[in-house]
Amino acid sequence: MFLLPFCAVGVVTAGLAIREALRGNAKQAGFLAVFAVAFGGMGFGLLGAAIAGSKRAQQTDSLKLQFPAEPWRWREDWATGQIRSAPYQGALFLGFFALVWNAVSWPVVFVLEKEWQKGNHAVLLALLFPLIGIGLIIAAARAFVQWRKFGVSVLELTTTPAAVGGQLVGILRTRAPLAARDGLQLRLSCVNRVTTGSGKNRSTSEHIRWQEEQHILKDRDVPVFFRLPDDAEPSSPESSDNCIVWRLEAKAAVPGVDYHATFDVPVFRITGSPAPQADTAASFRLEPKVYEPPRDSRITFD
């Protein structure tokens, strides 16, 4: 109900913009079109997201009843062990946000000249918003280029879920060879995500509880193998104001836009001892070099 007025304003201003365009009043039509895009895009976009979110919530509730003691089955990707990166979702979100931001902020330019002539020099501060809009457009364009270049990466887990005290094993599959000069950087992190406050004062912070980094010299079908500590905290089955997230990041420096993919992986405590897995990445792993200080250095290592 809150979003319906935005949808209505978008539809009405779109109709008015078309009418002014047919009358040959391009300037007025463009001005109205900006509001049509801003209000209509926000209204219909968020309305569609709310409907989709409601359907997903109903599916999750059904899975909770079927598998109350196996929370990794509440998510389809965790249950199947096929976890996809979502570069297109990030690109679409940035693109949509950049569109709405620019649609709302750029009308300031139309009144800037008049206010400047009146001696209101403080109006120059309003230019900050269109400049931010330009930055958002650049970020969205970069995200789209990354999506077009690398597509969707898939992490195929052998261990579903990964057990605390066991191993996280799988294969990272990319659409095409990465041709990375220095191999692929893999980083597995246990993150405590904490959200505090409410309304405008609401903020989210992340604290690293455990982390390990590896470099793999393979640019396609990359083997993934991490040993998990016995005292690790398991994944939180649902998002909350204080939750644990296990995140696998993959990065590679390649010509042009660099490769970057992120996956939320399931790590839980399971009944019985986890079956040991072979280290499939051992022959491809680049071990870190041991630092050797200069002979005249006064720094000592214990």
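I take a polar contact to be a pair of N or O atoms within 3.5 Å, where within protein one must be able to donate a hydrogen and the other to accept it, and where residues adjacent in sequence count only if both atoms are side-chain atoms. I note that this is a predicted model, in which local features need pLDDT of at least 70 and side-chain atom pairs count only at pLDDT 80 or more, while totals for chains, interfaces and linings use all residues. Residues are numbered from 1 along each chain as its sequence is written, and side-chain values use heavy atoms, with hydrogens and water left out.

**Entry on S236.** I looked up S236 and found it in the loop between β7 (222-227) and β8 (242-252), where strands (E, at least two residues) and helices (H or I, at least four) are DSSP runs numbered from the N terminus. A polar atom of the S236 side chain lies 2.7 Å from the backbone nitrogen of I244. Leaving aside residues up to four places away in sequence, S236 touches W78, C243 and I244, contact meaning heavy atoms within 4.5 Å.

**Entry on aromatic rings.** I paired rings of Phe, Tyr and Trp (its six-membered ring) if their centres lie within 6.5 Å, calling planes under 30 degrees apart stacked, over 60 edge-to-face and the rest tilted. By this rule I count three aromatic pairs. One of them, W72 with F268, is tilted, at 5.7 Å centre to centre and 50 degrees between the planes. Because W72 lies in the loop between α2 (26-66) and α3 (76-80) and F268 in strand β10 (residues 267-268), this pair ties together parts that are 196 residues apart in sequence. Both W72 and F268 are buried, that is, under 20% relative accessible area, against over 50% for exposed and in between for partly exposed (1.4 Å probe, protein chains only). W210 and W246 also form a tilted pair, at 5.6 Å centre to centre and 45 degrees between the planes. I also noted that W72, W78 and F268 form one aromatic cluster.

**Entry on the sheet.** I found an open sheet of four strands in the order β1-β2-β4-β7, with antiparallel pairing; two strands pair if DSSP finds at least two bridges between them. β1 (82-84) and β7 stand at the edges with a single partner strand each, so one side of each is left without a neighbour in the sheet. Strand β2 (residues 154-157) pairs with strand β4 (residues 167-173) in the antiparallel sense over four bridges, and V154 has R173 as its bridge partner in β4.
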